[in-house]
Amino acid sequence: MAVSQLSGAPRPPHAPLPAPPQPHPMANPGYGKRTAPSQLPRTERDFSHLPPREASIAAYLDQLPDGADISVKTLAKVLPYGQCALRTALNRIQDAGHLRRGSECVAHDHALLWVTRTFFSRTARDDAWWAAFANGDVPPEQRRRPTRSRAFVLLAALGRSVPSLTLSAADCARLEPLVAEWFERGAAEIHILHALTDGLPTPVHHAAGLVRRRLTDKMPPERITPTAYHAVPRTIECGECRAPGRPEALVGGRCAPCRGNRPTDAPAGPAWAVPAPRVRDRMSEVRAAMAPPEGKCR
């Protein structure tokens, strides 16, 4: 008994499959093929690392638009392979990093629905890339456009509001440090736009030169952070009797009496101060000196 042939005759890598008699069927809205982002340009050797059958099927899938039905049953109707052969081939294409099957949450009629997706990438991806893609992130090495700074974006968008101040990419790159300096000095976008667009001459002969002149001449002053030292009103009290005292006198947080020390007889205050016992005598001497001599009227 002859064994049925499940796969077509071997083809060299990238040999095109015969075109289907009619356009490839599309899946229901929201389903079918989805092209992965950030792919390299198409070349003739994109799938040369795959066996001939898998390379041909992958090249066919790569040409299909998004939304095409690439289920095994549909592919078996348009390609010269049976379902078993196609299922094996798709698994090998998946192992090579070109295909992932999964689900995606989409909004439909004010509701969230989970739909089946088959993501295809002409460029082979490793597991880390597909994991990042599933989380909504594109790996940094696949991002082709560099991230522009806040200053560059402001300059590039200047011509949209004021056409006479349209700047080239080279002009934006040269003026970017000046705008960045404005931002560092606390200026907001609205302040910079007013400085650049208010009272413009008519016509503007050299937009880049005018913008540079205004950015330089109207540069705001540097932000100076005041180094003010605020004295905090604070007193230190004895931990036992709550009497206030100088910090150096409260040893261990207690005053001398609470520590059991008797006050010394040393005079308090500066050396020239009058001792406490002589305060009354000193005051009497001062009053006597101020009194007028006897026999004279005041």
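Trainee: Which residue forms a salt bridge with Arg-174?

Mentor: This is a predicted model: local features need pLDDT of at least 70, side-chain atom pairs count only at pLDDT 80 or more, and totals for chains, interfaces and linings use all residues. Residues are numbered from 1 along each chain as its sequence is written, and side-chain values use heavy atoms, leaving out hydrogens and water. A salt bridge needs a side-chain nitrogen of Lys or Arg within 4 Å of a carboxyl oxygen of Asp or Glu. Here the closest N and O atoms are 2.6 Å apart, and the partner of Arg-174 is Asp-171.

Trainee: Which helix holds both Arg-174 and Asp-171?

Mentor: Helices (H or I, at least four residues) and strands (E, at least two) are DSSP runs, numbered from the N terminus. Arg-174 and Asp-171 are three residues apart, about one turn of the helix. Both lie within residues 169–184, which is helix H7.

Trainee: Does Asp-171 count as buried or exposed?

Mentor: Buried means under 20% relative accessible area, exposed over 50%, partly exposed in between (1.4 Å probe, protein chains only). The relative accessibility of Asp-171 is 16%, so this residue counts as buried.

Trainee: How many residues apart in sequence are the parts tied together by Arg-185 and Glu-222?

Mentor: The two side chains meet in a salt bridge at 3.7 Å, N to O. Arg-185 lies in the loop between H7 and helix H8 (189–197). Glu-222 lies in the loop between helix H9 (207–217) and strand E4 (236–237), so the tied parts are apart in sequence by 37 residues.

Trainee: In which strand does the partner of Asp-127 lie?

Mentor: Asp-127 forms a salt bridge with Arg-100, with 2.8 Å between the closest N and O atoms. Asp-127 is in helix H4 (residues 127–134), so the pair ties together parts that are 27 residues apart in sequence. Asp-127 counts as exposed, at 58% relative accessibility. Arg-100 lies within residues 99–108, which is strand E2.

Trainee: How far apart are the end C-alpha atoms of helix H3?

Mentor: The expected span is 1.5 Å times one less than the number of residues. H3 has 13 residues (83–95), so it should span 18 Å. The model agrees, with end C-alpha atoms apart by 18 Å.

Trainee: What arc do the buried residues of H3 cover?

Mentor: They are Ala-85, Leu-86, Ala-89, Leu-90 and Ile-93. The arc is taken from the directions from the helix axis to the C-beta atoms. They sit on the same side of H3, because their arc is only 130°.
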